[in-house]
Amino acid sequence: MTLNEALRIKNDKRMAEMNESDKRRAELHAVVPRIKEIDLLLDNMPLRLLGGENAEIIRAEDENLRSERARLLEATGFAPDYDMPKFDCPECNDGGYCGLKLCQCIKNMLSADNYQKSTLAGGLVGKTFDVFSLDYYTEGSERQQMEIVLNVCKKYAENFPKFDSAGMLFLGGTGLGKTHLSAAIANSLSTRGISVVYESAQQIFDTVDAVRFNRMDISERKKYETCSLLIIDDLGAECITQYSISSITSLIDLRIVNGKKTIISSNLSLANIKKTYGERLFSRLLGEYHVLQFVGKDIRMMKNKGC
Ligand SMILES: [Zn+2]
């Protein structure tokens, strides 16, 4: 979604609500004719002021008419704001701007759209904390470990962006809940209007490559640098080249320098991350990231077998 599209959607909503409020006003006028007279008198006030009438007198009349209108609404059982337009955003009245500044509601729309694009592609909708079940983990140390993991993730989402590490590293084999919990964090932040980009390492490398060879606009790469939370799923499953290693290392460095949070999940062990990506990325992750070890058996397989 571009900025202009977001502004147009807002503006269409604004116009629709103005029409609705006009209809409610017409209905009100039909039921309480005196309110129609009052509204005509009120509408005429600015013209009278321009015509040079005494401002004090007009102000007093205006006040009296408004109180009478409020009394009539109450007496006839209408809400005090019955015919007022009800905009989604009280800051900009759905105009999209607060003075010259772009309103936060538009920024939220753009970031939610960005997130939806990335999650819909990965089928992550519906993966929330509420539906994450510890029952799939064997009672004892396994379940205890996953309870710790779950609680860290919940706290992380709740307190975002306050967290004592630049990022989190989710380690563990396939089907242990890494994707589910990263999606739950992403879903929770996204509903609060926080910009989240969730993509697999392969998608990120493909995009970085496409931008490098001018097949894609640079803004597609910029989102990895500027979003509040970047989730890199399945590091190690991508096609690994010297170039992909240096891109991921620079991206992670840049996000640390800019104080932006990142979550990386990987099926690789720490030793294999070091072997694959080299000392620089390894020491960065170990020094700056909070490592969460996922344990258990492949939940996807258990679900398929009907366990
Ligand atoms: Zn707004």
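A: In this predicted model, the four donor atoms around the zinc ion subtend angles of 106 to 113°, which makes the arrangement tetrahedral. The label applies because four donors count as tetrahedral if all angles lie between 85 and 135 degrees. The protein donors are the SG atoms of C89, C92, C103 and C105, lying 2.3 Å from the zinc ion. Along the sequence, these donor residues follow the spacing C-x2-C-x10-C-x1-C. C92 sits in the loop between α3 (55-75) and β1 (97-98), whereas C105 belongs to helix α4 (residues 104-122), so this pair ties together parts that are 13 residues apart in sequence.

The loop between α3 and β1 also holds N93. N93 has a positive phi of about 50°, although it is not a glycine. Another backbone feature is the cis peptide bond that joins F160 and P161, with omega about 5°. P161 is placed in the loop between α5 (141-159) and β3 (167-171).

Five strands make up an open sheet with parallel pairing, in the order β4-β5-β6-β3-β7. β4 (196-200) and β7 (289-293) stand at the edges with a single partner strand each, so one side of each is left without a neighbour in the sheet. From one strand to the next, the twist averages 15°. Strands of a sheet pair through backbone hydrogen bonds, either parallel or antiparallel. Within this sheet, β5 (residues 229-235) pairs with β6 (residues 261-266) in the parallel sense over five bridges. I231 has I263 in β6 as its bridge partner.

The helix packing comes next. Two packed helices are described by the angle between their axes and the distance between the axes. Helix α9 (residues 242-257) packs with helix α7 (residues 201-212) at an angle of about 100°, their axes being 11 Å apart. α7 and α9 are therefore roughly perpendicular to each other, because angles of 65 to 115 degrees fall in that class. On the α7 side the contact involves I204, F205, V208, D209 and R212, and these meet Y243, S244, S247, I248 and L251 in α9. Sorted by class, the contact of α7 with α9 has six nonpolar, two polar and two charged residues.

Helix α8 (residues 219-226) packs with α9 as well, at an angle of about 50° and with the axes 9 Å apart. α8 and α9 are therefore oblique to each other. Y224, E225 and T226 of α8 make this contact with L251, L254 and R255 of α9. By class, the contact of α8 with α9 has three nonpolar, one polar and two charged residues.

R25, L28, H29, A30 and V31 of α1 form the contact with P33, I35, K36 and D39 of α2. The residues of the contact of α1 with α2 divide into five nonpolar, one polar and three charged.

Key:
Residues are numbered from 1 along each chain as its sequence is written. This is a predicted model: local features need pLDDT of at least 70, side-chain atom pairs count only at pLDDT 80 or more; totals for chains, interfaces and linings use all residues. Side-chain values use heavy atoms; hydrogens and water are left out. Axes are lines fitted to C-alpha atoms, for helices over the stretch in contact, and angles run from 0 to 180 degrees between N-to-C directions. Helices (H or I, at least four residues) and strands (E, at least two) are DSSP runs, numbered from the N terminus. Angles under 35 degrees count as roughly parallel, over 145 as roughly antiparallel, 65 to 115 as roughly perpendicular and the rest as oblique. Contact means heavy atoms within 4.5 Å. Ala, Val, Leu, Ile, Met, Phe, Trp, Tyr, Cys and Pro count as nonpolar, Asp, Glu, Lys and Arg as charged, and the others, Gly among them, as polar. Two strands pair if DSSP finds at least two bridges between them. Donors are N, O and S atoms within 2.8 Å of the metal (3.2 Å for Na, K and Ca); water is not among the atoms, so sites may look incomplete. Four donors count as tetrahedral if all angles lie between 85 and 135 degrees; four count as square planar and six as octahedral if opposite donors are over 155 degrees apart and all others between 65 and 115; anything else is irregular.
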